[in-house]
Amino acid sequence: MLTFQQKKDFMMTQLFQAKSLNSSEKLVALCMVFKIDDHGRSDIRVTELSDMARRHERTIRHIIHALQAKIDLHVTFSQGKNVYTFIQWAQL
């Protein structure tokens, strides 16, 4: 069983090397993984992603929709904010 840090490093490496993602999609996904918890979820706000990735909030929302299709990112709304779950995390 991998440790939290090993899982996080693996996810970041896979996202960074993904040929199916453009540079903006990679950047946003990496920002999400940077703020990930032990269960593979990130509850980072769109405004925080916008600041970290230096992209407009509307662009971030479009990228999130693209990531849902490209990397099977699961998005749920909980307690006034979105929660992004990386399905692959459970497989590690």
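## A pair in helix α4

Glu57 is partly exposed, at 30% relative accessibility. Partly exposed lies between buried, under 20% relative accessible area, and exposed, over 50% (1.4 Å probe, protein chains only). Glu57 forms a salt bridge with Arg61, and their closest N and O atoms are 3.8 Å apart. A salt bridge here is a side-chain nitrogen of Lys or Arg within 4 Å of a carboxyl oxygen of Asp or Glu.

Arg61 is also partly exposed, at 42% relative accessibility. Glu57 and Arg61 are four residues apart in helix α4 (residues 57–70), so about one helical turn separates them. Helices (H or I, at least four residues) and strands (E, at least two) are DSSP runs, numbered from the N terminus.

## Basis of the values

This is a predicted model, in which local features need pLDDT of at least 70 and side-chain atom pairs count only at pLDDT 80 or more, while totals for chains, interfaces and linings use all residues. Residues are numbered from 1 along each chain as its sequence is written, and side-chain values use heavy atoms, with hydrogens and water left out.

## Other salt bridges

By the salt-bridge rule, the count is five. One of them joins Lys81 and Asp43, at 3.2 Å from N to O. Lys81 lies in strand β3 (residues 81–86) and Asp43 in the loop between β1 (41–42) and α3 (46–53), so the pair ties together parts 38 residues apart in sequence. Lys81 is partly exposed at 23%, and Asp43 is partly exposed at 38%.

Arg41 forms a salt bridge with Asp37, with closest N and O atoms 3.7 Å apart. Arg41 is partly exposed at 36%, as is Asp37 at 28%.
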